[in-house]
Each structure stands twice: as C-alpha cells, then as structure tokens.
Amino acid sequence: MPLSPDRLPDAYRQMLIIRKFEETVRNLYQQGRIRGSFHPCVGQEAVAVGGCWAVRQGDFMTCTYRGHGHAIAKGLSVRAAMAEMLGKATGCSKGKGGSMHFTDPSVGLLGANAIVAAGIPHAAGAALASQMQKKDAVALTFFGEGAVNQGVYHETLNLAVIWKLPLILVCENNLYSEMTPSHETTSQAETYPRAAAYGMPAVRIDANDVELMYATVEEAAARARSGGGPTYIEAMTYRLWGHMMGDPEVYRTKEEVARARENEPVTRLARRLKELGHSARDLAQWEAEAEAVIADALQFAESSPAPKPEEAFTDVFA
Ligand SMILES: Cc1ncc(C[n+]2csc(CCOP(=O)(O)OP(=O)(O)O)c2C)c(N)n1
C-alpha cells in the first residue's frame, strides 16, 4: 500500500519539523548553548519519514549519529529531543546523551549510535528476539554507506539471511563518508549488489521521494513479518549541510550542492502537493504548524531543569 495522498500533508509537516529542529539546533550551537557534536540530516528527511512511517510504533529501529530525523519520525517527542540537545533532565536520555544518543524504547527507538555500523547488529538482535518470541515486530536499521566496509556489517548481513531475520537494512547513501567521497574508499560504489550477494532482496532507490521510500520499506516490512527474511535498501540521498558543525566543505563544490537542492525532499514534496491541488496557503499553514511544534519544544527545553549533580552516576554503566 503506498503512502496515501491524504497523508502527504502530514509527511510534509513531519519533514519540516525535522528540518526546523535542526535549523534551531544550529542556531543554539552557534550561540554556544549546545556542546559536543551535531551531525545534521538536512536534505535526508524523506529517508527518515518514509522509512519510519512504513513500520509500526512497536517495531524496532536503530540509527546513527545523524539520527535526529529518524528518531523524530519514529515517534520520539520533539520536546524530549530538544531537551536532550540542551542537556536537560527532561531529555530523552535525561540530558546525558546529547545529539548522538537519542533513545526511547517506548517508540521502538533502541538508540542512535556514534560508532559507524554499530547499530546494525543491535537491530539484528532485536529482530532475532522478536523471531524467537514468535512476535511479529520487525527491526529497521539506518546506516551510512561508510558502514559497508565494517566487519560487523558483513557478519550481520550473513547471519540475517541464514536466520531469516525480520530485518530491514537501510543504507542511507549521501555519497560522502564524513568528508571523503565514498567511491574513493569503497571498491563498488553501489552497495546493494554486495548485499544481494548474501542472498537477500536488495534495491537502490531515489530516497528523496518520500512516497517511494515509504512503499519500499513497507514491502520489506511485510516480507519480514511473514517470515521472508531481511531486505536491503540503498536509499540514495544527499546531505545539504556539512558533515558536522564547522565542516569547511572543501571536498565538494557549491555548484554540486546547488544542483542537489533542486532535488531535495522538502521542495519536492511541496511540488507534489501543489500538483495534487493544495494551495500555497495550505503549504504555509503546515509550515506554520511545524514552526509551532519547534517553538513549543524549545520553550519546554529552556524551562526544564538541568540533571541533578547527585544523579551524575545513575543510568551510567561504566
Ligand atoms: C567505527 C568508527 N570508525 C570511525 C568513526 C569516525 N567517523 C565518524 S562519521 C564517519 C563517516 C561515516 O560515513 P557514512 O557512514 O557514509 O555516514 P554519513 O556521515 O555520511 O552520514 C566516520 C569514519 C566512527 N564514528 N566509528
């Protein structure tokens, strides 16, 4: 079942919430009010929304340090996400995790992860647990194409096929691994044939198309739920901002980024909504609603308390 046209306004609002979340975080970062790293997903929002909306809240998901969009699309409260960015006790990880460690098991978000490829076996573990408990939950894992040369990636793909795990592997290919063009470090720049070689269905799609992303993940989820095993989706996208705050972006040209902007997912969905008959006023209204969600989250985060010093060692395992 495709993403029905009457849900597209919601998808548009959701993508704008993610984008405005990151725009706000960037401002806070520039004001010195957020510490640590921040890896933006601006330009990649359709992967998160199409992917997470195609599974259920009870399904599991893992993602990377570039995971604000995935987490929010999976159902993480925007208030808890913003509070986490500001290191507040009301944050999803009680203010102790920050940008790279958004977690909320209540919506199936098992965790963002700063270690390249580390979320892949975690998702496989959740898929194995679901299978052993005879539940119908599936696990979705997002990772960058920089993960495909990690040993644990290959070990997991192999076992996922052998064990027919209900796992959906989404390789979010934005062409660069940090600041290195991926074709300089990976012998086959297209990653899906390597996954197919393990014996699972593997496709490469234009993932700036939120409807296509949704339909592809939904089909994979249905296969996984009915015992058909894992699927690999190479989701082609583009990161419009730098790898992280302070990235001088010397590895790509301004022209390349400008060209990518013509194909970026928010503008594309706006065009599609207009084709479906929605007015510029409708679009402005949805944008205003997204802005209100972010304003509320910021107000909540700013007025929240910092973690108490005596709690510094609670929930910490090492
Ligand atoms: C195991 C490991 N090695 C190295 C790093 C440093 N590192 C951070 S991001 C990154 C590149 C990852 O690229 P990709 O998977 O394509 O994701 P993207 O940043 O493009 O979203 C690297 C090597 C790390 N975090 N973990």
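Predicted model: local features only at pLDDT ≥ 70, side-chain atom pairs only at ≥ 80, totals over all residues.
1. Residues are numbered from 1 along each chain as its sequence is written, and side-chain values use heavy atoms, with hydrogens and water left out.

2. Next, the ligand's oxygen atoms. A polar backbone atom of Y176 is 2.8 Å from one oxygen atom of the ligand. A polar side-chain atom of E145 lies 3.2 Å from a ligand oxygen. For a polar side-chain atom of S177, the distance to a ligand oxygen is 3.3 Å. On its own the ligand has 580 Å² of accessible area, and the protein covers 72% of that. Accessible areas come from the Shrake-Rupley method with a 1.4 Å probe; for residues, only the protein chains shown count as cover.

3. Now the largest nonpolar core. A nonpolar core is a set of buried Ala, Val, Leu, Ile, Met, Phe, Trp, Tyr and Cys residues joined through side-chain atoms within 4.5 Å. Buried means under 20% relative accessible area, exposed over 50%, partly exposed in between (1.4 Å probe, protein chains only). This core has 75 residues; Y12, F21, M82, L140, I168 and V170 touch the most other members. Helix 1 (residues 8-30) gives the most to this core, 10 residues. Helices (H or I, at least four residues) and strands (E, at least two) are DSSP runs, numbered from the N terminus. Another core lies apart from it, with 21 residues, among them I120, F143, A160 and Y232.

4. Look at helix 10 (residues 265-275). Its buried residues are P265, V266, R268, L269, A270 and L273. They pack against helix 1, helix 2 (45-53), strand 7 (202-206), helix 8 (210-225) and helix 11 (280-303). Contact means heavy atoms within 4.5 Å. Just after helix 10, G277 takes a positive phi of about 105°.

5. D136 lies in the loop between helix 5 (119-132) and strand 3 (139-144). The side chains of D136 and R56 are joined by a polar contact of 3.0 Å. A polar contact is a pair of N or O atoms within 3.5 Å; within protein, one must be able to donate a hydrogen and the other to accept it, and residues adjacent in sequence count only if both atoms are side-chain atoms.
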